[in-house]
Amino acid sequence: MYCNSAVPVKYGFIVRNWNFVQKWPSSDLLIVVDSASLDRIFCDPDGGYELPAMIINIDHHKSNVRFGAMNYNDENASSACEIIYNIYEILKVKITRAVAETLYTGLYSETGGFVYPNTTSDTLRIAANLVRQYIKPDLVVKQINAKTVNGTRLLSKVLATIELRNGIGTMYVTKKMIAECRANMSDTENFVSFLMAINQVKVAIFLREQNDFTRISLRSNCQIDVDRVARKYGGGGHRLAAGIKMQTPLKKAMKAILLAVRKQLNDINN
Ligand SMILES: [Mn+2]
């Protein structure tokens, strides 16, 4: 589901990835969404969490390790929301308007507004059904794309860091830039698409400075499999979009990732 924290539901908990879970009350059921492995959802993977007996794993990452007692994994689905819609259909559960908005948000966000190569006829069919029956897409999209002034100022600073070298585009954001604009790290969520939109860019690399590591987002235009590059550094994702949490400062991370991507591009061209 499209949420950034653990969400209590009627019979258990639904969690999405990005290491937000510190602890949860004991429950019988855990539904994990959009996370390739269980350690993606914990703040501290060695924290001795007491897991419920029943875990349901709903995901579309190729790298998913099937950690659930039930695994609904489909790497051809555009998004976890696409799989969830299918589950609703199979179970004949009525979709409420709030659920429809959530599902549409997931489809829209994960396909970059229905333009990334993961957009399939299934994705569009589901989106069409949601629009026909439940939602007004313009209102939902307006909410998704709403930007703060400070976030937009930050964007202009980040765009100014763009460099292009042989089809590889890089850009970065530092903690200082965020502080200067009084923005938040969450404002940078879709910035990488601006880099990927540049016509010469085959691979886009967006680095985000964190307290003691660097978060790297990778996007590919089809030629290289960025999931493979990311996995070398303990990250992962999809062939055309992947991420890494690199335990090095930004400059060092930039060097390492540039080298790895360049090597991958060379291997393909030779
Ligand atoms: Mn996803």
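Predicted model: local features only at pLDDT ≥ 70, side-chain atom pairs only at ≥ 80, totals over all residues.
The buried residues in question are Thr123, Ile126, Ala127 and Leu130. Looking down the axis of α3, you'd find them within an arc of 100°, so they line one face of the helix.

What sits on the face of α3 turned away from the buried side? There you'll find the exposed residues Ser121, Arg125, Ala128, Arg132 and Gln133. The length of α3 checks out too: its 13 residues (121–133) should span 18 Å at 1.5 Å a residue, and the end C-alpha atoms are 18 Å apart, which agrees.

Now for the nonpolar cores, set side by side here.

| Core | Size | Residues among its members |
|---|---|---|
| Largest nonpolar core | 31 residues | Ile205, Ile216, Leu218, Val226 |
| Another core, apart from it | 20 residues | Ile31, Val33, Ala77, Tyr108 |

In the largest core, Ile205, Ile216, Leu218 and Val226 are the residues with the most contacts inside it. Strand β8 (residues 203–209) supplies the largest share of this core, five residues. Take Ile205 as an example: leaving out residues up to four places away in sequence, Ile205 touches Ile168, Gly169, Thr170, Ile216, Leu218, Ile257 and Val261. As a general matter, nonpolar side chains tend to be buried together in soluble globular proteins.

Next up is a histidine. Where is His238 found? His238 belongs to the loop between β10 (236–237) and β11 (241–246). Is His238 buried or exposed? His238 has 24 C-beta neighbours inside 10 Å, and 20 or more is the cut-off, so His238 counts as buried. With residues up to four places away in sequence left out, His238 touches His61, Lys62 and Asp227. Lys62 is 176 residues from His238 along the chain, yet their C-alpha atoms are separated by 6.1 Å.

Finally, the overall picture. The protein's secondary structure comes to nine helices and eleven strands. Of its 270 residues, 34% are buried. Among contacts between residues at least 6 apart in sequence, 50% join residues at least 24 apart, and the contact between His238 and Lys62, 176 residues apart, is one example.

Definitions and conventions. Residues numbered from 1 in each chain as written. Core = buried A, V, L, I, M, F, W, Y, C linked by C-beta atoms within 7 Å. Buried ≥ 20, exposed ≤ 12 C-beta atoms within 10 Å, placed from the backbone. Helix = DSSP H or I, 4+ residues; strand = E, 2+ residues; numbered from the N terminus. Contact = placed C-beta atoms within 7 Å. Expected span 1.5 Å × (residues − 1). Arc of directions from axis to C-beta.
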